[in-house]
Amino acid sequence: MLRWCLSTVRVLGGVDGAQRIRLLSSASAHVQECLPSSTGTQNTSIRSIRISDDPQESSSSNSTRAIRALQEILTYPALVLNPSRRPTPNTIRSFYISAKARGQLSQLDSGMLSALIGLFGSLSVDSRRCVYTSSLLPSVKDGPVTRDYWAFVKEVVSFKQQRGMTLVHSDRYWMMRAELASLFPSKDDQPGYTHTFDRSLFRARKQYLHFSRRVFHPDVHVPYLTALLSSTDPLHKQWAIEAMTSILLTHPFLHAKVLKVLLGIVHDTDAALLRSILSAISIRVTRFPSLGGDTTGTPIAVPVDATTFTSALSVFPLPVLSPSPHVKAITELLHGAFSSNIPLVHRRSNLLLCSLLYSCNGSGISISSLDFPLDGGASLWQTLFALAILEEVTRAAGSALLHDRALRGRIQEMIRSLHESWLHLMLNKSHPTLISRAITTSLFRLSGAVVDPKLFAACLESSTNFRLWTGDSSDTVEGPQLAAMAAMHLAALVQVRGCRVELVMKTLRSYSTDVQHQSVVVSAAVKDLIYRDVELARILYNIAVRSGRDIDVDTTYDLARTLPPYHAVGFLKHERFSRVQVGGLLSSIARFLKETRHQHYDAHLFDDIGISLRKLYAISPPPIHFRGHLQFLLAELCTRGSGFQTTAMIASVIKFHSAFFQLSFLLRLVRLFLRRKQYRCALRMQKILVDARRGCAVNLRHMVTTRLGATTSRRLSRNIFIPGRKSHTLFRGGCSWAPGTLFKSAISSGPAYNRVLQGLIYARRSHAAKVAFSRVASKVDTKSRTILGNTLLHGVLTHPVPRNGRCARKLLGLLDNLVKHQQFAPDRITINIILKALIAWRTAFDYQRLRALFDHIIRGGYPAGIYSPSHPPFSTPLLRTSGTLVLSKLPPYISFEKHAKPMLKMFIKAFYLRNDVEAARTVVEILKIEQQKATLQRERRSVARLRGWMKAESNTSRRDDTTHVHDRS
């Protein structure tokens, strides 16, 4: 007992947060399953934790089993290859707790403890792509993260410090994340500003300061800075400013996440508190250039407009020694905006422009907060950022900008003010040509966005006066700028003056005589017009293509995805599109068709879509994310009559991936084919379904048999059975189906045949029902044949025409035909159907003949209450009946619910309709008496059945007791 107690491990707070006791033997056995045996030293180490047959060796092995299992998991993570045999996080933690209880944690070295800390830290965060994500994650069984392990991480870090081991950067990072996680309660997601909060934040800061200067990843700095800024304590905000100052002074590159936090600090802090940050930026942008080249690791792209210029300026790149004029211009702009000799207020204003550009959402609200003079006193930095903000606003507004007069007029006024400010700057001081070209390019774009002819003419005049069009188009810096300025000029020209072929070609020739250069210009113009006026972009694209100018493939792809379907399908045949681009274009077309289902499209549109789908996925399966769009397109093809094309594509896709399509979609296609009377396509689909998924036969059987009778087409009567017919016949004859004879098995039962006949009768297709019965009568048993014949006979009474005598004669004639030629055997239900037809014939059956008919039924053995066959209710003379109403040949069993009760109700109604109230009351009394007898008989049967069950249970229990005693003896 003591050994058992010592070999248990108490696991506190499992996945469900409860206490559990796990046997060490079971836990180690789990690890023994998780770690497969191998050769060499690994096999030896794994065998060392197996159970020995010797009790002493087994006790010694039990005492070291947990620590050895933990060492194996932390040392050889690649051993666990089978996902089902991987250990869970709670299993690994239980080994640690067991080893701690035995004092065996000293056998874990510093690397193992760091691996354990990294594993449980990685399991506690949502994102698995962290800078210190553990490499042991693939070795742990995956599952939903329902809790965190920060308390366990703190415990392991504390133990490592007690052992005197040095904490590495990853240990300090996860310890910092653990302290930061304790700041946010789980209920309201708001940090509590208590003493505990301050202590946790202080401990997190202590860990952060140890390694933050040597690690440049944003995951290290952003969580810490976000926690500091969420506090209202001025001290914590000062800590955030100090941390950001350190980042600016030590990090060679500012990540977008870090830049977002910096701009947030600038937006919510006054100039006095921002002194250290502004000084750090001044030191950063004005320090002596590095001889090692660009410290960001990637060269700075040539800025061609205000947006690209401000993007390069906003990251505050370190100055480098570079002969490129654009790098020199960026450095000079940073010097002019953040040098130490610039007033602190102006530096903060320049930094606020960066924040405003970053947070601009295109609603126009951010424009009103611009704080710089537009009357000729704006600086170059302010002009660039103002133009970039306006470009963001017009890009977000898109084509709706032309319809919003208020926003359009406001932007137009600001653009003109910026243009005047820019002219004032150019007249007072010369600036680098590349900056002038970038500003002119943005002005061209904005003048076209607001369709301002005067502003467009003024921009063209100023660019010509300042000789911005002269330059070497083959130069690596001037070439992209000249092409971008020409493209924006062309885009603005077609927006202001219209897109005419003569005007476009004349303008292109004015730029250059090189066709390749003209292609680059028109490609950039089309790309800019896509998000402003897609129809204008399409017209310009067609003009360029017809004139022999090649448009860039990516630009063509972007244009095709933006166009409506009737224009986009023409790009499916583009020879330069890759498979991925064709698939993306089909997705865009499908998405647009879903949004505009009410519109009518020509048939050739879906023909082109079908051809593209067949070519695209004939030899390889489509990606799984395309399934929804592909199913929609295939359904649309079916509705347009391309059933065979659709089934061929589905068959080719299922060859590669049998479970690609959803079962509900395939069944919906079969239902669609049947509704549209495309029976051959429906049969091809059923073959595909049965071959791919055997479990769908039941659903398909019910749907097909139900749908076959609901159709109003006359084709079904011809497709019922023809000897030697091909496999598209709906009722199989001598032919058998290759895919398992689904329809044959579906229609081989009486209920299935009955549903089909009912559907045909309700659709007023009596001839088809008769032919169907004649073809299947020989394939069913006598009972099923009787049921089907009754359904066919009752169908004669469901139609309003013919009536009375003609209906009765037609019914009796059909009955004689069924008996003579189809081996039909009438039953009591057949008699009720005949009685219903005769009772409806009022001219032939008045109340006296109806009484005689009722007495005839009672003499045939039907229940009659207090009367009997020898003493009928109305004492009428015997009737001379033919073989139709001869009741002696019927089965002797009479069911009250199925046979007698419906017959009595028919007679009650018929007597009342003939004003024979006395006879009706007599039949009512008979019905009441027989109802009481049937109820009493039902209760007796229930009691007897219950007693039989009780007796069977008592016999079973006695047999069980006897067996038990026998086993004991």
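In which helix does R497 lie? I looked it up: R497 sits in α22, which covers residues 478-497. Keep in mind that I'm working with a predicted model.

Next I checked how open R497 is. Then I asked what R497 touches. Skipping its neighbours within four places in sequence, I found contacts with F456 and L503. I also noted V451: it is 46 residues from R497 in sequence, yet the C-alpha atoms are 9.1 Å apart.

Then I went through backbone angles. R467, in the loop between α21 (453-465) and α22, has a phi near 55°, which is positive even though the residue isn't glycine. I have R467 down as exposed, at 65% relative accessible area. N915 gave me another positive phi, about 65°, and it isn't a glycine either. I found N915 in the loop between α43 (896-913) and α44 (917-968), and it is exposed, with a relative accessible area of 68%.

Last entry: charge on the surface. I found a positive patch there, with R561, K594 and R668 among its residues. Which helix gives the largest share of the patch? That's α32, with three residues. Both α28 (579-595) and α32 (663-675) supply at least two each. I picked out K594, which is in α28, and wrote it down as partly exposed because its relative accessible area is 36%.

Methods
Residues are numbered from 1 along each chain as its sequence is written. This is a predicted model: local features need pLDDT of at least 70, side-chain atom pairs count only at pLDDT 80 or more; totals for chains, interfaces and linings use all residues. Side-chain values use heavy atoms; hydrogens and water are left out. Patches are made of residues with over 30% relative accessible area and no salt bridge: like charges are joined within 9 Å, nonpolar side chains (Val, Leu, Ile, Met, Phe, Trp, Tyr) within 5 Å. Accessible areas come from the Shrake-Rupley method with a 1.4 Å probe; for residues, only the protein chains shown count as cover. A salt bridge is a side-chain nitrogen of Lys or Arg within 4 Å of a carboxyl oxygen of Asp or Glu. Lys and Arg count as positive and Asp and Glu as negative; His and the chain ends are not counted. The place of a charge is taken as NZ of Lys, CZ of Arg, CG of Asp or CD of Glu. Helices (H or I, at least four residues) and strands (E, at least two) are DSSP runs, numbered from the N terminus. Buried means under 20% relative accessible area, exposed over 50%, partly exposed in between (1.4 Å probe, protein chains only). Contact means heavy atoms within 4.5 Å.
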